[in-house]
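My notebook entries follow the structure.

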Amino acid sequence: MNRYLGAKRYELEDRLGHGGMATVYSAHDLKLDRKVAIKLLADNFSGDDEVRTRFSREARLAAKLDHPNVVQVFDVGEEDGRPYIVMEHVDGGTLADRLNGRGRGVPRGEALRLLSQLCQGLGHAHARKLVHRDIKPQNLLLRESDGSLKIADFGIARAAEETTRLTRPGKVIGTERYMAPEQLADGKITPAADIYACGVVADELLPQTRAPDLREIVERCLLEDPEQRFSDARSLGEALEHVDGDGDVGVVRRLRSQTRPTNRLPATGRATANWPAPTARLPRRRSARGRIAAVAAAVAIAVAGVILALDSGGSNSPSKAGSAVQPPAPAPSVPQSADPAEQARDLADFLRAQSR
């Protein structure tokens, strides 16, 4: 293999990683005097037109994205029939390296910070109708200087609205552990597929947390039905913002009210979990004292109406000629009591006396 690429503009240095389709090298851009990363298509794929198309397509898709949490693409080219992509160099390794051998995830604050950055970068892609389709710790790079996260490898990404496929029928592209059920079934791919992968990543970052708010957010990401997950990375990021710090469990109640989820797929090896369906809010029942007071008030209103009617009838009746108009008799008084129950009984006695 040549040490130089791009008419000797890029000088290859150390190998950073190797995958099924390509190898990534650190390199030096002699023209701009900066360190870069170069992804070079594997030699055995150089004659595969489908793979070459997908590889070149990665550069075009990634070049459309301009976000601090997405690896930037600088250049593309071809050397001896092998396409390559020149990218931003991120010097801190991958999230997989960070998790390797720990088995306990990372501290909650760090996990939330990393997940927030993942959602921001992925949300930028989703807003442009782009689905990554291969979110996993190996594709999440960490900058050593500030710990910032950057999403790499849009090689198998696909615009959400496209109907053409670049994979052969029955051939699944991606890493099975992080793939949504619809990906494994070769179904329709939407941003919800990336949300599922984010849920698996979050589960690895937070395996020991007992916070119900975080656990239920993760479980919503892992629901089998894509329609019941978060719609995209931005909505997931907004939910995570509510649990940062003190962990507001109110977000859990809001999430439950937004969906009626079914069993989640136990992709992480844990038992299948169910969420209770939201229940209807019942009207508050009044206390016995309140009911008595209400009855007493209703009886009082009825009595007042009867008295007014009687009084009105007497004043409107015609008087005999020459006879003096007699003033209306004073209305009988209703006994008063401070206790609602006692007042109700007094009113009942009063009505019986008046009806005799």
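I worked from a predicted model, in which local features need pLDDT of at least 70, side-chain atom pairs count only at pLDDT 80 or more, and totals for chains, interfaces and linings use all residues. Residues are numbered from 1 along each chain as its sequence is written, and side-chain values use heavy atoms, with hydrogens and water left out.

Entry one, cores. I took a core as buried Ala, Val, Leu, Ile, Met, Phe, Trp, Tyr and Cys residues joined through side-chain atoms within 4.5 Å, buried being under 20% relative accessible area (1.4 Å probe, protein chains only). The largest nonpolar core has 48 residues, and L95, L118, I151, F154, L205, L236 and L240 touch the most other members. Helix α5 (191-205) is among the elements supplying at least two residues, and its 9 residues are the largest share. I call helices (H or I, at least four residues) and strands (E, at least two) from DSSP runs, numbered from the N terminus. A second, separate core of 14 residues includes V51, F55, I85 and L141.

Entry two, rings. I count 1 aromatic pair, using ring centres within 6.5 Å for Phe, Tyr and Trp (its six-membered ring), with planes under 30 degrees apart stacked, over 60 edge-to-face and the rest tilted. Y10 and Y84 are edge-to-face, 6.4 Å centre to centre with 75° between the planes. Y10 lies in strand β2 and Y84 in strand β6, 74 residues apart. Y10 counts as buried because its relative accessibility is 2%; Y84 does so at 4%.

How values were computed. Buried means under 20% relative accessible area, exposed over 50%, partly exposed in between (1.4 Å probe, protein chains only).
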